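I want to jot down what I look up, one entry at a time.

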Amino acid sequence: MTNLKDCGRKVPGDISARWSKLSGFIMHSTNPAGFMVPIGDGGADHEPSGFPNPSERVKVFKAGYVYGRTDWAKPESAFYSIRFGPGTKYHGHEDHLGLTYYAQGRDVLVDAGFHSYEPTRYRYWTMSPEAHNVPTVVGARFRPRTATRLSRTAYDSGRQRYRLTDKAYGVSRTRSVLVNHDEDVMAVLDGAGGGKKVRNIWRFDPSLKLVSNSGGKVVLADGKFKVSLVQLSGCKPVSGQKVERGGRLGWVSPSYMAKNPATTVVSPASASLLTVIVPGTDQPKVSCAGGKVTVQTADGAVGFKASIF
C-alpha cells in the first residue's frame with residue numbers, strides 16, 4: 001500500500017478494507033502481555049504495536065478463531081483463544097478444538113508454537129494434534145484437514161461458553177468450554193460418540209513445574225504463583241494423569257528454532273472428561289452434585305452446570 005502511494009497509484013478499495021479488518025484481528029490475537037498468541041505458524045515472540053484496541057472484548061472470526069479477554073488496558077487481565085473452522089491449509093496446524101489461556105498476568109495454557117520450516121521430525125510434530133491442547137478419541141484414527149463447527153455460543157455476565165464439534169476421528173468429537181472471569185476459572189467438557197472414550201492433553205507455560213499429582217488433581221507452580229488442574233467424569237474425580245516435561249510431548253517453541261521443555265498433562269481415557277483449570281491456587285475446592293459443579297477459588301466461589309450448557 002505504501003509503495004502504491006509512493007508511485008502515485010491509487011490503493012484499491014478492497015485492499016484498504018481488508019487491511020483495516022486485519023488490524024482488528026491482530027489486536028484480538030494479542031494477549032494482555034502484548035504478544036500475539038502463537039497459533040499455527042505464528043511465533044510467540046511477535047509483539048505488534050501501533051494498532052488501536054477494538055471495542056469488543058470477545059470476538060469470533062468465521063475463519064475459525066475465538067478470542068476473549070476481560071479488559072484491554074490491564075496486563076493482569078484474562079485472555080483465551082479457541083480454534084475451529086475449515087480444514088487445515090497453508091500455515092495452519094491440526095489444532096481444532098485447541099485452546100490457550102492467560103490469567104493473572106501470565107500464560108497458563110500454551111500451544112507448542114512455531115519452530116521453523118526445517119523439514120525435521122520436530123517441525124512436523126508441532127503441527128500435529130499432540131502439540132496442542134485438544135481431545136483425542138481413543139482407538140480411532142485421526143483424519144487430517146477435517147473442518148470443525150462452532151455449534152453454540154452463550155455470553156453471560158462475567159463468562160462465555162462455547163461448544164465445538166467435528167468428526168476428525170470418524171465419530172462425533174465434542175468440546176464445550178466455559179471461561180469465567182473475576183474469579184478466574186476455565187472448564188472444558190470433552191466427549192465422543194459411538195461409545196468411544198476420549199483423552200486430552202494440557203500443555204502449560206514452561207515456567208510452571210509440577211508440584212503434586214494425586215486424586216485427579218495436578219498442581220503446578222512458578223514461585224508463589226500456582227495453578228491447579230482437576231478432572232472429573234460423571235461428577236466423580238478421575239485419577240491417573242501422566243505428567244511429562246520433555247520426553248515425547250513436553251515441549252514448546254517460544255521463538256524461531258527454539259525448543260524448550262514444558263510441563264504437559266495427559267489425562268486417562270474416559271467416556272467424558274470435565275477439566276477445570278484454576279489459576280492462582282493449589283487448593284481449589286471442586287465439588288459436583290446434582291449436575292452442578294462448584295469451584296472455590298482464592299477470590300470466591302464459581303458455579304456452573306457439569307454439562308457447561
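**Before anything else**

I note that this is a predicted model.

**Entry: the largest pocket**

I started with open space. Which residues lie nearest the centre of the largest pocket? I found I39, G40, Y65, H91 and G92 there, out of 25 residues in the lining. The volume of this pocket comes to about 610 Å³. I then sorted the lining by class and got eleven polar, ten nonpolar and four charged residues.

The general idea is simple: a probe the size of a water molecule, rolled over the atoms, shows where empty space is left. How many cavities of 30 Å³ or more does a search of the whole structure find? I got two.

The largest cavity holds about 70 Å³ of space. Its lining is made of 13 residues, and E94, H96, F142, A168 and R173 are the closest to its centre. By class I wrote down five nonpolar, five charged and three polar residues for this lining.

The second largest cavity has a volume of about 30 Å³. Two strands give at least two lining residues each, namely strand 3 (79-83) and strand 4 (99-103). The classes here are three polar, three charged and two nonpolar.

**Entry: the disulfide**

I searched the whole structure for disulfides and came back with one. As a reminder to myself, a disulfide is a covalent bond between the sulfur atoms of two cysteines. The partners are C235 and C288, with their sulfur atoms 1.6 Å apart in the model. They sit 53 residues apart, so to speak in distant parts of the chain. C235 is in the loop between strand 14 (225-233) and strand 15 (236-237), while C288 is in strand 21 (residues 285-289).

Is this disulfide left-handed or right-handed? I read a torsion of about -45 degrees about the S-S bond, so I put down left-handed. I also checked C235 for accessibility: it counts as partly exposed because its relative accessibility is 28%. Another cysteine, C7, counts as exposed, at 60% relative accessibility.

**Entry: R123**

Is R123 buried or exposed? I have it at 8% relative accessibility, so it goes down as buried. R123 is in helix 3 (residues 121-126). Its side chain makes a polar contact with the side chain of D41, at 2.8 Å. Beyond its neighbours within four places in sequence, R123 is in contact with D41, H93, F114, S116, Y117 and E118.

**Entry: S270**

I found S270 in the loop between strand 19 (263-266) and strand 20 (272-279). S270 counts as buried because its relative accessibility is 10%. What does the side chain of S270 reach? I traced it to the backbone oxygen of S272, at 2.9 Å. With neighbours within four places in sequence left out, the contacts of S270 are K197, V198 and S233.

**Entry: two positive phi angles**

Y90 has a phi of about 55 degrees, and I308 has one of about 70 degrees. Y90 is in the loop between strand 3 and strand 4, and I308 is in the segment after strand 23 (301-305).

Their accessibility is worth a line each. Y90 has a relative accessible area of 74%, so I marked it exposed. I308 has a relative accessible area of 2%, so I marked it buried.

**Entry: G290**

Last stop was G290, in the loop between strand 21 and strand 22 (292-296). G290 counts as exposed because its relative accessibility is 89%. How many residues separate G290 and M36 in sequence? I get 254, and in space they are 40 Å apart, C-alpha to C-alpha.

Terms used: Residues are numbered from 1 along each chain as its sequence is written. This is a predicted model: local features need pLDDT of at least 70, side-chain atom pairs count only at pLDDT 80 or more; totals for chains, interfaces and linings use all residues. Side-chain values use heavy atoms; hydrogens and water are left out. Helices (H or I, at least four residues) and strands (E, at least two) are DSSP runs, numbered from the N terminus. Buried means under 20% relative accessible area, exposed over 50%, partly exposed in between (1.4 Å probe, protein chains only). A polar contact is a pair of N or O atoms within 3.5 Å; within protein, one must be able to donate a hydrogen and the other to accept it, and residues adjacent in sequence count only if both atoms are side-chain atoms. Contact means heavy atoms within 4.5 Å. On a 1 Å grid over the protein atoms alone, a cavity is a set of points where a 1.4 Å probe fits but cannot get out, and a pocket is an open set with protein on both sides within 12 Å along at least five of seven lines; lining residues have an atom within 4 Å of a point. Grid points are joined across faces, edges and corners, and a volume is the space filled by probe spheres set on the points. Ala, Val, Leu, Ile, Met, Phe, Trp, Tyr, Cys and Pro count as nonpolar, Asp, Glu, Lys and Arg as charged, and the others, Gly among them, as polar. A disulfide is a pair of cysteine sulfur atoms within 2.5 Å.
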